Amino acid sequence: MHAQRRPFVGGNWKMNSDLASGVELTDAVLASLAEGGLEGRIDAAVFPPFPYLFTVGRTLGHSNVLLGGQDCSAEASGAFTGQVSVGMLADVGCRSVIIGHSERRHGLGEDDELLHEKLAIASEAGLVAVLCVGETLSERDDGRAEAVVAHQMRGCFGTLKPETVDRVVVAYEPVWAIGTGRTASPEDAQRMHSSIRAVLGQLYDSRFAAKARVIYGGSVNAKNARAIFDQPDVDGGLIGGASLKADDFASICRAAAEAWTASGGH
Ligand code: PGA
C-alpha cells in the first residue's frame, strides 16, 4: 500500500448465490465491516449477478459500500439481446463495473478493442471501471508476462483522455491464479504492479500513475491478503471465492485497512 492511495477491495460474486443468500451475504458483509470499524476506511465494493443488483443495492442502503456490475455492454442502448448498458447499471444504483475479467476475455473471447469501448462508455457514465488485465501461465513461463499485460493496457486505454479515466482501478489478475488457490508471490505481484504503473505513466503522466489504484486478484484469502497488500504498488484486491463468505471478505478488507495505516495512510 501507499499512503497516497485509498485501498479498494471488491467482491466479485461471479455466477454464484441466489437472491436470498445474496441479501444475507450483503447484510453479513455490512455487519462485519461495521463491527470492525472498516466502513469508510477503505473503498469496498460488491459485484453481484445482474438480476440481484437492485435488491442488493437496496440492502446496501446508504452504506459506503459500492454496488457494481460484473460487465457492461459497449453500446448505450438498442437491439443487443442479453446485454446490459452502463445507463441501466447506474439506474439500479451501480457506481462501479468490472471490465475485461479473464472469464470474459478467455471464456467469451472479449478482446482489447471491445474492452476499450467498454472502458470508454463506463468511464464516461461516471462509473468506477475496474479494468482487469493478466497473463496466462504459458505467457508467464515464456517470460512475456509484463509485455502481455502492457499490451492489454495500451489496447484498453487507447486514446482515452486522462480526465475520462481518472477514476479507473486496474486489477492485475494472473489467469493462472484465478480460482486455483495459487497466488502470485507478493514480490511477483509488486513487480507487475510497478510495471503497470509505469505503463500508466507512459500513457498519461507520472501524476496520473501515482494516483491510479492497481489492485491484485487471484486466490486472495484472509490469510495471504496482508502480505500482498503490504507491497507498495498493491492498492487492494479483487476477490472471487473468498468474497462469498462475509467474515473472510471483511478480514481481507481489514488487511487492506491495516496495510494502508501501516504505510501512513488515513
Ligand atoms: P478468486 O477470483 O479470488 O476466486 O481467485 C478472483 C477473480 O476472478 O476476480
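The lining of the largest pocket is made up of six nonpolar, three polar and four charged residues (Ala, Val, Leu, Ile, Met, Phe, Trp, Tyr, Cys and Pro count as nonpolar, Asp, Glu, Lys and Arg as charged, and the others, Gly among them, as polar). Please keep in mind that this is a predicted model, where local features need pLDDT of at least 70, side-chain atom pairs count only at pLDDT 80 or more, and totals for chains, interfaces and linings use all residues. Residues are numbered from 1 along each chain as its sequence is written, and side-chain values use heavy atoms, with hydrogens and water left out.

**Pockets**

- A pocket here is an open set of points on a 1 Å grid over the protein atoms alone, with protein on both sides within 12 Å along at least five of seven lines; lining residues have an atom within 4 Å of a point.
- The largest pocket holds about 320 Å³ of space, a volume being the space filled by probe spheres set on the points, which are joined across faces, edges and corners.
- Lining this pocket are 13 residues, and Lys14, Met15, Gln70, Glu103 and Arg104 are the closest to its centre.
- Helix 4 (residues 102–108) supplies the largest share of that lining, three residues; helices are DSSP runs of H or I with at least four residues, numbered from the N terminus.
- The second largest pocket has about 270 Å³ of space.
- Its lining counts 14 residues, with Asp166, Arg207, Phe208, Lys211 and Ala212 nearest the centre.
- Helix 9 (residues 206–211) gives the most to the lining of the second largest pocket, three residues.
- By class, the second largest pocket is lined by nine charged, four nonpolar and one polar residues.

**The cavity**

- One cavity of 30 Å³ or more is present in the structure; a cavity is a set of grid points where a 1.4 Å probe fits but cannot get out.
- About 40 Å³ of space lies in the largest cavity.
- Around the largest cavity sit Leu33, Leu38, Glu39, Gly40, Ile42, Ala44, Asn64 and Val65, which divide into five nonpolar, two polar and one charged.

**Helix 1 and its partners**

- Helix 1 (residues 19–35) packs against helix 11 (residues 246–262) at about 40°, with the axes 9 Å apart; axes are lines fitted to C-alpha atoms over the stretch in contact, and angles run from 0 to 180 degrees between N-to-C directions.
- Helix 1 and helix 11 are therefore oblique to each other (angles under 35 degrees count as roughly parallel, over 145 as roughly antiparallel, 65 to 115 as roughly perpendicular and the rest as oblique).
- Leu25, Ala28, Val29, Ser32 and Leu33 of helix 1 make the contact with Ala246, Asp247, Phe249, Ala250 and Cys253 of helix 11, where contact means heavy atoms within 4.5 Å.
- That contact has eight nonpolar, one polar and one charged residues.
- The axes of helix 1 and helix 2 (residues 53–60) come within 9 Å and cross at roughly 25°, which makes helix 1 roughly parallel to helix 2.
- In this pair, Leu19, Gly22, Val23, Thr26, Asp27 and Leu30 of helix 1 meet Thr55, Val56, Thr59 and Leu60 of helix 2, giving five nonpolar, four polar and one charged residues.

**Helix 7 with helix 8**

- Helix 7 (residues 145–157) and helix 8 (residues 186–203) cross at roughly 35°, and their axes come within 10 Å.
- Helix 7 brings Ala145, Glu146, Val149, Ala150, Met153, Arg154 and Phe157 to meet Arg191, Met192, Ser195, Ile196, Val199, Leu200, Gln202 and Leu203 of helix 8.
- The contact of helix 7 with helix 8 has 10 nonpolar, two polar and three charged residues.

How values were computed:
Helix = DSSP H or I, 4+ residues; strand = E, 2+ residues; numbered from the N terminus.
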